[in-house]
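Colleague: I have a model open and would like to learn how to read it. Can we take the features in turn?

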Amino acid sequence: MKLQFLGHACFLLDDGTHKVLTDPFLTGNVLAAVPADQVEADFIFVTHGHSDHTGDAVSIAQRTGATVCCTVDLAEGVFGPAGVRVQVGNLGGRIPLPFGSAKFFQAIHGSGVPGCLSCGFIFEMGGKKIYHAGDTALMTDMALLADEDIDVALLPIGDVFTMGPADALRAVKMIRPKLTVPMHYDTFPPIAQDPEAFAAAVQAAGFQAQVLRPGESLSI
Ligand code: NI
Ligand code: MN
């Protein structure tokens, strides 16, 4: 399994057969690792309707034929009208997919679409469990994830709009993942952070963390 960070909340998960893309905000992100027209995907997961998460999802789906996976409300509000193929679920639900599955997990955050909830995802792919938190505040519900045996947690640390580093560290202590990778920082001036300091704090608490620069990847 390969996990590549493309910038902001955008990751590419690749099991060698299937490519899963998350929150593909590339156009307009000066820190994006690749242009939107060069990304390949089979599935595009979108956590909520803010433009730094929907990003290039429609254009990538139109070019690649990828299926957009999101909540029913986000599909009705954004992706259905755009005419791309969608597969929907909702909080607490797991959808089986050719690469494994994805479970919709709650997030505390606005969604940008009236009546729509924001979410995160727990991917089961290539024998690994990867939690993408989306945009969220710290919440005690994250303690539920300790029972999920998360291999990699992708957590926002940017503050202002989501958890900051201190709350993300508290999240790590609840989730107890084997590895944490920070996201959703430095893209805009208000969310500038020191990811290495966050990683050091996670390690000092007895957990593993890895900072990925946009474009870098990990074998997991
Ligand atoms: Ni947001
Ligand atoms: Mn965001």
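Predicted model: local features only at pLDDT ≥ 70, side-chain atom pairs only at ≥ 80, totals over all residues.

Colleague: Start with the metal. Which residues are the protein donors of the manganese ion (ligand 2)?

Modeller: A donor here is an N, O or S atom within 2.8 Å of the metal. Four residues qualify for the manganese ion (ligand 2): Asp52 (OD), His53 (NE2), Asp135 (OD) and His184 (NE2). They lie 2.2 Å from the ion. Water is not among the atoms, so the site may look incomplete.

Colleague: What spacing do the donors of the manganese ion (ligand 2) follow along the chain?

Modeller: Read along the chain, the pattern is D-H-x81-D-x48-H. The site links distant parts of the chain: Asp52 and His184 are 132 residues apart. Asp52 sits in helix H1 (residues 51-54). His184 is in the loop between strand E12 (179-183) and helix H5 (195-204).

Colleague: Are Asp52 and His184 buried or exposed?

Modeller: Both Asp52 and His184 are buried.

Colleague: Which residue bridges the manganese ion (ligand 2) and the nickel ion (ligand 1)?

Modeller: Asp135 does. The two ions lie 3.3 Å apart.

Colleague: Now the cysteines. How many disulfides does the structure hold?

Modeller: First the idea. A disulfide is a covalent bond between the sulfur atoms of two cysteines. Here the count is 0. Take Cys10, which is in no disulfide. Its nearest cysteine sulfur belongs to Cys69, 14 Å away. Cys10 counts as buried, at 0% relative accessibility.

Colleague: Next, helices. At what angle do H4 and H5 pack?

Modeller: Two packed helices are described by the angle between their axes and the distance between the axes. For H4 and H5 the angle is about 35 degrees. Their axes are 10 Å apart. The crossing of H4 past H5 is right-handed.

Colleague: Which residues of H4 and H5 meet?

Modeller: H4 brings Pro165, Ala168, Leu169 and Val172. H5 brings Phe198, Ala201 and Val202. By class, the contact has 7 nonpolar residues, no polar and no charged.

Colleague: Let me follow one of these. What does Val172 touch?

Modeller: Skip residues up to four places away in sequence. Val172 in helix H4 then touches Leu155, Pro177, Thr180, Phe198, Val202 and Phe207. Val172 is buried, because its relative accessible area is 0% and buried means under 20%.

Colleague: Where is Tyr131?

Modeller: Tyr131 is in strand E10 (residues 128-132). Its relative accessible area is 0%, so Tyr131 is buried. Its contacts beyond four places in sequence include Phe105, Phe121, Met139, Leu145 and Ile175. Asp151 is 20 residues along the chain from Tyr131, with 8.0 Å between their C-alpha atoms.

Colleague: And Gly89, buried or exposed?

Modeller: Gly89 is buried, with a relative accessible area of 12%. Its place is in strand E6 (residues 86-89). Gly89 touches Cys70, Thr71, Val72, Ile95 and Phe104, again leaving out residues up to four places away.

Colleague: What about Pro189, buried or exposed?

Modeller: Pro189 is exposed, at a relative accessible area of 74%. Pro189 is found in the loop between E12 and H5. Pro189 and Gly158 are 31 residues apart in sequence, and 9.9 Å apart in space, C-alpha to C-alpha.

Colleague: Last, the backbone. What is phi of His8?

Modeller: Phi of His8 is near 60 degrees, a positive value in a residue other than glycine. His8 lies in the loop between strand E1 (2-7) and strand E2 (10-14). Arg176 has a positive phi too, of about 55 degrees, and is not a glycine. Arg176 is in the loop between helix H4 (165-175) and E12.

Colleague: Which side of the burial scale does each fall on, buried or exposed?

Modeller: His8 is buried, with a relative accessible area of 2%. Arg176 counts as exposed, at 53% relative accessibility.

Key
Residues numbered from 1 in each chain as written. Chains lettered and ligands numbered in written order. Heavy atoms only, no water. Donors = N, O, S within 2.8 Å, 3.2 Å for Na, K, Ca; no water. Helix = DSSP H or I, 4+ residues; strand = E, 2+ residues; numbered from the N terminus. Buried < 20%, exposed > 50% of the residue type's maximum accessible area, 1.4 Å probe, protein only. Contact = heavy atoms within 4.5 Å. Disulfide = S-S within 2.5 Å. Axes fitted to C-alpha atoms, helices over the stretch in contact; angles between N-to-C directions. Left-handed = near helix turned anticlockwise from the far one by under 90°. Nonpolar A, V, L, I, M, F, W, Y, C, P; charged D, E, K, R; others polar.
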